Amino acid sequence: MKTLWCDNCQQANKAVEAIRTETYPVKGESIEIEGRFMVCSVCEEIVYYNEFEEKNLKTAYDKYRQQKGLLGPEDIVNIRKKYKLSQRGMAALLGWSPTTIARYEGGAIPSVANNEQLKRFASDFEYARQLYRKSHDKLNPLEARRAKSIFENSKSDEETVEDSVQWLSRFYNSKIEVFRGNQQFDIDTAACMIAFFCQQEKISKSKLMKLLFYADFHMYREHGKSISGLVYCHNHFGPIPLHHGMLLDCLLNLQTIKLEDIEGPYEGEYVVPLITCSDRNVFTEEEFNVLNEVWQHLGKYSAKDLSIISYKEDAYQKTALFQAIPYSFAYSLSAF
Ligand SMILES: [Zn+2]
């Protein structure tokens, strides 16, 4: 039995669980639901209990949606998956503000007009294609490529690439949050991070890997979230994304980067971006600032120097060879 505050009795009383029928206001209408509540054992009035309240509210929203034939969060995710669009990407094609889809997927109820537009977008491919043709320049570079293959339906080897991208995403996103820095891995974001660093000057693969590590961990330290959602591991020459070879392969196949041999005594390759990420829309302002800070502090070092710097990090010292590095080590970063 819990003790909860009762507004009616103006004191904390023992409260018991009960099933009651109640009405909730949703978008100006009263929606009646049967839900679990905590009731005061003295006066039998319902007392506020957060856990049940949230569930009941969700039930009320679901019921309202059903009554009005409105799309729910899962329906909207499915439409997005069908066209392989990001939340921002789909919002851009529909001509909505960047966060609209994210809000709907988070449980907000779409307006009737937006709901109709979404349904048409989902079921009428010609209409979806028209919207794509009108607004494809608002998509980020990688997403624009992918959308092109869907809406202009060309090439089937795009699908093979898509499969490895999906595999990689599933792999990273299957890790618990502390290993991907509370972030979902997203290949577009990773591609744009790489483009960001590689467009500053010619950068070798091994230098790039360290810059990615520092950018994701610095972002986590400052804002509690990594940028790319990549999982890093302790490797011979410092921290490096797990499956970095496959990651680069995907980006090569997606024609977002190419590799160039480094001439001279050292073996290695430069990563050259084939997309630009001048489009700041890809990143939030915080992410963009973090990327700039990392470049300002660490861009001047060689790959070898960066290795040596990274050896001193707890993230490296306190993990074993090939072990995944938890983002919690971000709080003791010492490079800058
Ligand atoms: Zn009471």
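The protein is divided into three parts: domain 1 (2-68), domain 2 (73-139) and domain 3 (164-332), with bounds that come from an automatic or database domain assignment. Welcome to a predicted model, in which local features need pLDDT of at least 70, side-chain atom pairs count only at pLDDT 80 or more, and totals for chains, interfaces and linings use all residues. Residues are numbered from 1 along each chain as its sequence is written.

**Overall picture**

- Taken along the principal axes, the C-alpha atoms of the protein fill a box of roughly 85 × 55 × 30 Å.
- The centres of domain 1 and domain 2, taken over C-alpha atoms, are 34 Å apart.
- You will find 15 helices and nine strands in the protein; helices (H or I, at least four residues) and strands (E, at least two) are DSSP runs, numbered from the N terminus.
- Of the 336 residues, 34% count as buried. A residue is buried if 20 or more other C-beta atoms lie within 10 Å of its own, exposed if 12 or fewer, and partly exposed in between, with C-beta atoms placed from the backbone.
- Among contacts between residues at least 6 apart in sequence, 64% join residues at least 24 apart. Two residues are in contact if their C-beta atoms, placed from the backbone, lie within 7 Å.

**The nonpolar cores**

- The largest nonpolar core has 55 residues, and A191, M193, I194, L208 and A215 have the most contacts inside it. Such a core is a set of buried Ala, Val, Leu, Ile, Met, Phe, Trp, Tyr and Cys residues joined through C-beta atoms within 7 Å.
- Two or more residues of this core come from each of α8 (157-173), α10 (187-198), α11 (205-223), α12 (244-253), α13 (285-298) and α14 (303-311).
- A second, separate core has 14 residues, including I76, A92, A128 and L139.

- Two packed helices are described by the angle between their axes and the distance between the axes.
- For helix α3 (residues 87-94) and helix α6 (residues 125-135), the angle is about 95° and the axes are 8 Å apart. Axes are lines fitted to C-alpha atoms, for helices over the stretch in contact, and angles run from 0 to 180 degrees between N-to-C directions.
- α3 and α6 are therefore roughly perpendicular to each other; angles of 65 to 115 degrees count as roughly perpendicular, under 35 as roughly parallel, over 145 as roughly antiparallel and the rest as oblique.
- On the α3 side, A92, L93 and L94 meet L131, Y132 and S135 of α6. By class, this contact has five nonpolar, one polar and no charged residues. Ala, Val, Leu, Ile, Met, Phe, Trp, Tyr, Cys and Pro count as nonpolar, Asp, Glu, Lys and Arg as charged, and the others, Gly among them, as polar.
- Helix α7 (residues 141-151) has P141, L142, E143, R146 and A147 buried, and what covers these residues includes α3, α6 and α10.

- P98 is found in the loop between α3 and α4 (100-105). P98 is partly exposed, with 14 other C-beta atoms within 10 Å.
- Leaving aside its neighbours within four places in sequence, P98 is in contact with R88 and A91. P98 and Q87 are eleven residues apart in sequence, with 7.6 Å between their C-alpha atoms.
- E44, in the loop between β3 (29-40) and β4 (46-47), has a positive phi of about 65° although it is not a glycine. E44 counts as exposed, with 12 C-beta neighbours inside 10 Å.
- F322, in the segment after α15 (314-317), also is not a glycine, yet has a positive phi of about 70°. F322 counts as exposed, with 10 C-beta neighbours inside 10 Å.
- T276 lies in the loop between β9 (269-273) and α13, and is exposed, with 11 other C-beta atoms within 10 Å. Leaving aside its neighbours within four places in sequence, T276 is in contact with A195 and Q199.
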